[in-house]
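Here is a short briefing on how two chains are built and how they meet. Keep the structure open while reading.

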Amino acid sequence: MPERELTFAQAVREALAEEMRRDSRVCIFGEDVAEAGTPFKVLSGLVEEFGAERVLDTPISEAGFTGVGVGAAMAGLRPVVDIMFGDFLTLTMDQMVNQAAKAHYMSGGHWRVPMVMRTTLGATRRSAAQHSQSLHAWFSHVPGLKVVLPSTPYDAKGLLKTAIRDENPVVFFEDKMMYKLKGPVPEEDYTIPLGVADVKRVGEDITLVATSSMVQVALGAANVLEKEGISAEVVDPRTTWPLDEKTIIDSARKTSRVIVLDEGYGRYGVTAELAAVIAEGAFYDLDAPVKRMGAMHVPIPFSPPLEDVTVPTEETVTEAARSMCKKL
Amino acid sequence: MTTATSKPHARPEAATEDKWLHAYRQMVRIRLFEEQVNELYTRALMPGLAHLYSGQEAVAVGICEALNIDDYITSTHRGHGHCLAKGASPDRMFAELLGKEAGYCRGKGGSMHIADPATGNLGANAIVGGSVGIATGAAFAAKRLGNGRVAVCFFGEGALGQGSLYEVMNLAQLWKLPVIYVCENNMYNEYTHFSETTAGTILGRAAAFGIEGASVDGQDVRAVNEVATRLVERARSGNGPAFLQADTYRYSGHHVGDINREYYRSKQEEQHWKTERDPIKLHGRWLMTLGQAAATALEQITTEARAEMEAAVKFAIAAPYPSVDQVEQDVYA
């Protein structure tokens, strides 16, 4: 029998449904999460199964309902807070950075905030500057938060289940361009630990460390490169914090060339951190400087030809890898 | 339900003491706690910032005496009174203020972040209005879990400037959450009179959401307790949130270092509140006349509270600092 395939969105929904069946403390709130099932229809059917007591539409008050999530988590629930577009995270920053991230530490370990914030990232949906950003670096910067970036339906299900069971605030970023991506997803209950990278493709000549949607870009580039005789390894950290430094460094030492790919801004961003980790851990094994590829340092423009050049693509990554490998 | 004898409490004397005598004791304990804080701070024994609650004791005590030990509160940067009134013990509070391991937060929170699950204290908060979501969320959890608890969200009138307050008030009313928003109007947003920062009326804000609103003389512990009891019982029985405006006064500056205050309020004003409107004096006078308490009983309470606070300070000063290797502990659960 062939493996069952689900879309990324279906995998997210299945993870939520399974966790809600397993644990009555899990509840969802956010804007249009109930009957509407979110604009992306990721949550369709959940309110029908679990009721309006556990799947709650909120007012358009991101700061308010995020704060409610923090308090609900402290007082015994396992809320999954839905922030429709990652750009709206700016409205939640005090609740996430000053409250959720610090409650455990500031209370000397007495209070816990087991909540998940689900949100989106990613450009090229023609949504312009306020619906296209990838702001996961901001949260990766803050002690007390965990940040998850699934790149496949399989990872989305396993990582989300782990995030819900985690005792800490976890921010879970879904690339909205990947919701229709299909892949094998087991029907049974499984979890993927946070902080364990996945080598998505084994290679010898160059390592592409990629997150979220960029994993798919890296895999596409690796296919092209293979035809040219360049063997690319694709490493997906899956979580920016906790970060599996060892797997990344081991791959860098093996291949000696690394491109780091992430859809957030490069400056002071995830690619900067990953490049630093590689420089510190694999410097003497590298044959070339680590190359960073991320969103251009501009607000994401609306006009399609402009928007398309702001993020790394299969072509630009292939070209960069080709040029790095030729330099030897 | 409103008698001290019928509910669990952290302090043993509450089980036997007359309710109003106990309220007096609690207010005196807070006042003397803050006197010690002032002393510690001015003697440079206490690091950081100290925001004293003196003058506002009747609010914390009147409300917390209407709560059960497992009801939730969230507090503010001016939070020592709320913590004590909810049942925290002064020795561990002082230890926290001095950054000692024996403190409620093992020294990691300090004066502005005391939290204590044993007394339902979700934490003091150094962001003005920062805990309004937490209190509302705790009320959501209480309702969802059906455990009968209520949440009280203490904040000063300065927090009326924060938009997130109105976001959660809207939500609490829509979802009929058992939360009571307690606005302690001590009239000064730091160094600015609230009339300069607050358009409209305070209770008008509650009315806008159809939330049950009430105002009370925050220097009258019995009046505060009476209205709090009503609002708490109302919330507990599923009738939704309430908003209480308690008018009060902050005797000291915004923090201990705020000494020259005449550019924003007069010494006469401060003196008036201290002599005419002091919650401890007012309640003590009532106890000695209508409350049938002897003056010696009140003196006895003060003597005991003073001894308790002195011993607590001694404990905190002698307590060790956390070892440096604890700095990375409890970042994650």
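Two strands pair if DSSP finds at least two bridges between them. The model is predicted. By that pairing rule, strand S9 (residues 198-201) of chain A is joined to S11(A) by three bridges, and the two run antiparallel.

- Strand S11 covers residues 232-236 of chain A and is mostly covered, with five of its five residues buried.
- Ala232(A), Val234(A) and Asp236(A) point one way from S11(A). Glu233(A) and Val235(A) point the other way.
- In a regular strand, side chains alternate between the two faces of the sheet.

**Seven-stranded sheet of chain A**

- An open sheet of seven strands in chain A has the order S3-S2-S4-S5-S7-S6-S12, and its pairing is mixed.
- Strand S3 (55-57) and strand S12 (239-241) of chain A are the edge strands, each pairing on one side only.
- From one strand to the next, the twist averages 20°.
- Within the sheet, strand S5 (residues 116-121) and strand S7 (residues 170-175) of chain A pair in the parallel sense over six bridges.
- Val116(A) has Val170(A) in S7(A) as its bridge partner.
- Helix H3 (residues 62-74) of chain A lies across strand S2 (26-30), strand S4 (78-83) and S5 of chain A. H3 runs at about 165° to S4(A).

**Five-stranded sheet of chain B**

- Five strands of chain B form an open sheet in the order S1-S2-S3-S7-S6, with parallel pairing.
- Strand S1 (72-74) and strand S6 (212-217) of chain B stand at the edges with a single partner strand each, so one side of each has no neighbour in the sheet.
- Neighbouring strands here are turned by 20° against each other on average, direction ignored.
- S1(B) and strand S2 (residues 151-156) of chain B run parallel and are joined by three bridges.
- Ile73(B) has Val152(B) in S2(B) as its bridge partner.
- Helix H8 (residues 221-236) of chain B lies across strand S3 (179-185), S6 and strand S7 (242-247) of chain B. H8 runs at about 165° to S6(B).

**Helices H5 and H6 of chain B**

- The axes of helix H5 (residues 132-145) and helix H6 (residues 163-174) of chain B come within 9 Å and cross at roughly 15°. Angles under 35 degrees count as roughly parallel, so H5(B) is roughly parallel to H6(B).
- H5(B) passes H6(B) in a left-handed crossing.
- H5(B) makes the contact with Val132(B), Gly133(B), Thr136(B) and Ala139(B). H6(B) brings Ser164(B), Leu165(B), Val168(B), Leu171(B) and Ala172(B).
- By class, the residues of this contact are six nonpolar, three polar and no charged.

**Contact between the chains**

- Chain B gives 35 residues to the contact and chain A gives 37 residues.
- H5 and H6 of chain B each supply at least two residues of the side that touches chain A.
- H5(B) provides the largest share of that side, twelve residues.
- The side of chain B that touches chain A has 20 nonpolar, ten polar and five charged residues.

Note on methods
Residues are numbered from 1 along each chain as its sequence is written. Chains are lettered from A and ligands numbered from 1 in the order in which they are written. This is a predicted model: local features need pLDDT of at least 70, side-chain atom pairs count only at pLDDT 80 or more; totals for chains, interfaces and linings use all residues. Axes are lines fitted to C-alpha atoms, for helices over the stretch in contact, and angles run from 0 to 180 degrees between N-to-C directions. Helices (H or I, at least four residues) and strands (E, at least two) are DSSP runs, numbered from the N terminus. Angles under 35 degrees count as roughly parallel, over 145 as roughly antiparallel, 65 to 115 as roughly perpendicular and the rest as oblique. A crossing is left-handed if the near helix is turned anticlockwise from the far one by less than a right angle, and right-handed if clockwise. Two residues are in contact if their C-beta atoms, placed from the backbone, lie within 7 Å. Ala, Val, Leu, Ile, Met, Phe, Trp, Tyr, Cys and Pro count as nonpolar, Asp, Glu, Lys and Arg as charged, and the others, Gly among them, as polar. A residue is buried if 20 or more other C-beta atoms lie within 10 Å of its own, exposed if 12 or fewer, and partly exposed in between; C-beta atoms are placed from the backbone.
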